[in-house]
Amino acid sequence: MPSEALKDLGVWLDNTLSMSKHVTKLASSCYFFLYNLRRIRKYLSKSACETLIKALVVSRPDYCKAFYVYPAKLLSQLQRVQNSAARLIYQSTRYSPSSPLLQDLHWLPIKYRCIFKILLITFKAIHGHAPSYIQDLVKVKHQTRTLRSSTATYLDYPSIKSSNNLGERSFYIAAPAEWNRLPANIRNSPSYDVFPKSLKTHLSIKA
């Protein structure tokens, strides 16, 4: 009997590319580590607990998140994992607000972590520092008229026709959409050293 999902390079792919299987298994593994860390939390300093959670929990949703934008329902599932991780660090109750904790930890919410990663790769692709197969997905838009904003780099937005929104969640579509929404001063960042700092500040304000 054919399998409805398979695992490739650590990512579970189902027959509809919904990523629900992957996110469910990802959340389950994160909660497993949170459960075990909760049992020893009283023996850990805040700093030690934060380090362990970053290594064992927070890093997991970051894997391969830039090449496929999760639907809102799956993002909320991963956001609950991140909220639980932050509450464990601060030993807060499950009903305490998570937003102030995330801000204090300087963690972007899951949705904006995905956007952050997409835009970092896009910046590298535009400036020729990404693999060729990624650079081929990013096309700089050439202005036909002289505009006040013409000094800022825009990307061509591909036109696709699809009966579902799978294509819209791909890097090929998400990268130009998110890039063109950025303020001109961030798109015109002079180097990779400057861009991530400006981008994180911008996304933190939006979040």
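Visitor: How many aromatic pairs does a search of the whole structure find?

Guide: The model above is a predicted one, and a search through the whole of the structure finds five aromatic pairs.

Visitor: How is a pair of aromatic rings described?

Guide: In general, the description rests on the distance of the centres and the angle of the planes. In this structure, the rings of Phe 123 and Trp 179 have centres 6.4 Å apart and planes at 40°, so this pair is tilted, given that planes under 30 degrees apart would count as stacked and planes over 60 as edge-to-face.

Visitor: Where do Phe 123 and Trp 179 lie?

Guide: Phe 123 belongs to helix α5 (residues 110-126) and Trp 179 to helix α7 (residues 171-181), so the pair ties together parts that are 56 residues apart in sequence.

Visitor: Is Trp 179 buried or exposed?

Guide: Trp 179 has a relative accessibility of 0% and therefore counts as buried; Phe 123, at 3% relative accessibility, counts as buried too.

Visitor: Which aromatic pair do Phe 123 and Tyr 192 form, stacked or tilted?

Guide: Phe 123 and Tyr 192 form a tilted pair, with 6.2 Å from centre to centre and 40° between the planes. Tyr 192 sits in the loop between α8 (184-187) and α9 (195-206), while Phe 123 is in helix α5, so this pair links parts that are 69 residues apart in sequence. Tyr 192 counts as partly exposed, because its relative accessibility is 34%. Taken together, Phe 123, Trp 179, Tyr 192 and Phe 195 make up one aromatic cluster.

Visitor: Turning to the helices, how are two packed helices described?

Guide: In general, one gives the angle between the axes and the distance between the axes. Here, helix α2 (residues 46-62) packs with helix α3 (residues 72-90) at an angle of about 160°, and their axes are 9 Å apart. Since angles over 145 degrees count as roughly antiparallel, α2 and α3 are therefore roughly antiparallel to each other. The crossing in which α2 passes α3 is right-handed.

Visitor: Which residues make the contact of α2 with α3?

Guide: From α2 come Lys 46, Cys 49, Glu 50, Ile 53 and Val 57, and from α3 come Val 81, Ala 85, Leu 88, Ile 89 and Tyr 90. The residues of this contact divide into eight nonpolar and two charged, with no polar ones.

Visitor: At roughly what angle do the axes of α1 and α3 cross?

Guide: The axes of helix α1 (residues 20-40) and α3 cross at roughly 10° and come within 10 Å, which makes α1 roughly parallel to α3. Among the residues in this contact are Val 23, Leu 26, Ala 27 and Leu 34 of α1, together with Leu 74, Leu 78, Val 81 and Ala 85 of α3. The contact of α1 with α3 divides into 12 nonpolar, four polar and two charged residues.

Visitor: What is the phi of Gln 91, and where does Gln 91 lie?

Guide: Gln 91 has a positive phi of about 55° although it is not a glycine, and Gln 91 lies in the loop between α3 and α4 (99-105). With a relative accessible area of 55%, Gln 91 is exposed.

Visitor: What is the phi of His 106?

Guide: The phi of His 106 is near 60°, a positive value in a residue other than glycine. His 106 is found in the loop between α4 and α5, and at 59% relative accessibility His 106 counts as exposed.

Methods
Residues numbered from 1 in each chain as written. Predicted model: local features only at pLDDT ≥ 70, side-chain atom pairs only at ≥ 80, totals over all residues. Heavy atoms only, no water. Axes fitted to C-alpha atoms, helices over the stretch in contact; angles between N-to-C directions. Helix = DSSP H or I, 4+ residues; strand = E, 2+ residues; numbered from the N terminus. Parallel < 35°, antiparallel > 145°, perpendicular 65-115°, else oblique. Left-handed = near helix turned anticlockwise from the far one by under 90°. Contact = heavy atoms within 4.5 Å. Nonpolar A, V, L, I, M, F, W, Y, C, P; charged D, E, K, R; others polar. Phe/Tyr/Trp six-rings, centres within 6.5 Å; stacked < 30°, edge-to-face > 60°. Buried < 20%, exposed > 50% of the residue type's maximum accessible area, 1.4 Å probe, protein only.
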